[in-house]
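Subject: Structure handover

Hi,

Here is the structure I promised you.

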Amino acid sequence: MYMRLNLLAIVFLNTVLTSAKKDSSVKELTLANFDRFVDGKKFAFVFFYAPWHEQCVRLLERYEEVGDTFSSRADDVVIAKVNAYEEIKLATRYWVDDYPAFRYFIKGSITEETYNNGNLPADMIRFIRSKSVLHLNIDIFHTPVIDLSSTNFERIVKDRARSILVLYYNGNCDLCKTLQNTIHDVGVTFRNEPKCLIGRLDCDAEPQICVQQTIPHYPTFKVYSQHNKDGVIYEPGTYQESYSEKNITSFMNALCGTQRRLKGRLNEKAGLLDDFNEIAVQFMKDYKRREEILKEAKMKALRHKFQTEANFYMSVMTRVMSYGASIISEEIDRLERLIAGPLHPNKADEFEKRKNILKQFQVLHFERDEL
C-alpha cells in the first residue's frame, strides 16, 4: 500500500512538472544553470524538493502561485526550485538534508539563508516581499566587530569567501566584558581585511542560535573558516593565553593568510615574492648583468599571480639602473614619512608593501653602485 502511494505521488509529481514546464514562472535550476540565476544581482528564493516526498509533491503545485505572484518582477526576483534528489551537489552545497527545504539569497549576496516560515503560499509571498527589498551592505565587512543576530547570522557566517571568529557571550560573564575590548582591538587590526572578520553574538538576545551552535559556556569563541562552516571552538589555552590580543592576532593571520601586526600595520613580509627576492639578489650582486636580469624579470612578471608587487620589483630595478642604489634609502625614508601621517588604510598597505620590497634591495646595496 505504501509503495503504491509513493508511486502515485511520483506520477502526480511528473504531471505537475510536465504542466509546469509549458508555462511556469518558477525556474527549474540545475548545477549547470544555478549560478546564472543566483548571482547576487536579484533576490532569489529556492525550493529544494525530493520527488518521492509527499509533502514536497503537495507544495510544488501550490508553489506555482508564489512564482505567478512575482512574475511581473522577473527583473529583480527569482522564484526557483531544485530537484535535490537528482542535484546532489547543489543539495550538499546548500546543506539540504531534510525536505522540504527553502533557501533565499538577498541582493548583493550569493550566501544562502534558511527560510523557516510557513509553507503556505501566502507565508512565502509575505516573506519574499519583505526580504526582496534588502541589499547586502558591504561596508559591514570593514566594521571592526560585526554584531550578529538572527537577521544576519547566516549571511555573514556562511559566506564561503570569508573567515570569521565569533565571540559568543552573555550578560553574566565578567571575562566576556573584558574580551569585548580585546576583540575590538583585533577587529581594528583586521579592518582592512574584508575576508577576515571578527563577530560577536549576545546569547541572551539570541538563545536559539547559541543552542544551534552548541555553545557550551561563556565566553566561547568559534571559528568559521572559508572551508568549514560548521565551526570549530577556539580554545583559550591553559592560562587563557589564547585570549590575548597578540595571540588572537597571530591566530587570525594563520587562519586568513594575512600579515597584520597589532593596530593594523602590515608586517615586514607583506608584499614580498620569494621568486622576485631571488631576482633582487642577482640584480644587486651582478652589476654587469643587470639589464639582462631586468629583461628576465619583465617576462616573469607578465604571467605572475601578483602582478602589482612583481611590477614594483621591476620599477625598483629600473630606478636603480637610472639613478644608482642610493635611491633605495631615499625612497624608504619618504615612504616611512608618508606612512606616519594620515593615510587611507589601502594606501598605507600599499606603501608598507613597497617599503618591504625596497628593503630587499637595500640589504644588498653594494658600494660599487656609487662609483
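Let's start with one residue. Cys173 is buried, at 7% relative accessible area. Buried means under 20% relative accessible area, exposed means over 50%, and partly exposed lies in between (1.4 Å probe, protein chains only).

Some background. This is a predicted model, where local features need pLDDT of at least 70, side-chain atom pairs count only at pLDDT 80 or more, and totals for chains, interfaces and linings use all residues. Residues are numbered from 1 along each chain as its sequence is written, and side-chain values use heavy atoms, with hydrogens and water left out.

How many disulfides does the structure hold? There are three. A disulfide here is a pair of cysteine sulfur atoms within 2.5 Å.

Cys173 pairs with Cys176, S to S 2.3 Å. The torsion about their S-S bond is about 90°, so this disulfide is right-handed. Cys176 is buried too, at 1%.

Cys203 bonds to Cys210, S to S 1.9 Å. Here the torsion is about -85°, so the disulfide is left-handed. Cys203 is buried at 5%, and Cys210 is buried at 4%.

Cys196 and Cys256 are also joined, with sulfur atoms 2.1 Å apart. This pair links distant parts of the chain, 60 residues apart: Cys196 sits in strand 8 (residues 196–202) and Cys256 in helix 9 (residues 245–256). Helices (H or I, at least four residues) and strands (E, at least two) are DSSP runs, numbered from the N terminus. Cys196 is buried at 3%, while Cys256 is partly exposed at 22%.

Counting bonded cysteines along the chain, the pattern is 1-2, 3-6, 4-5.

Best wishes
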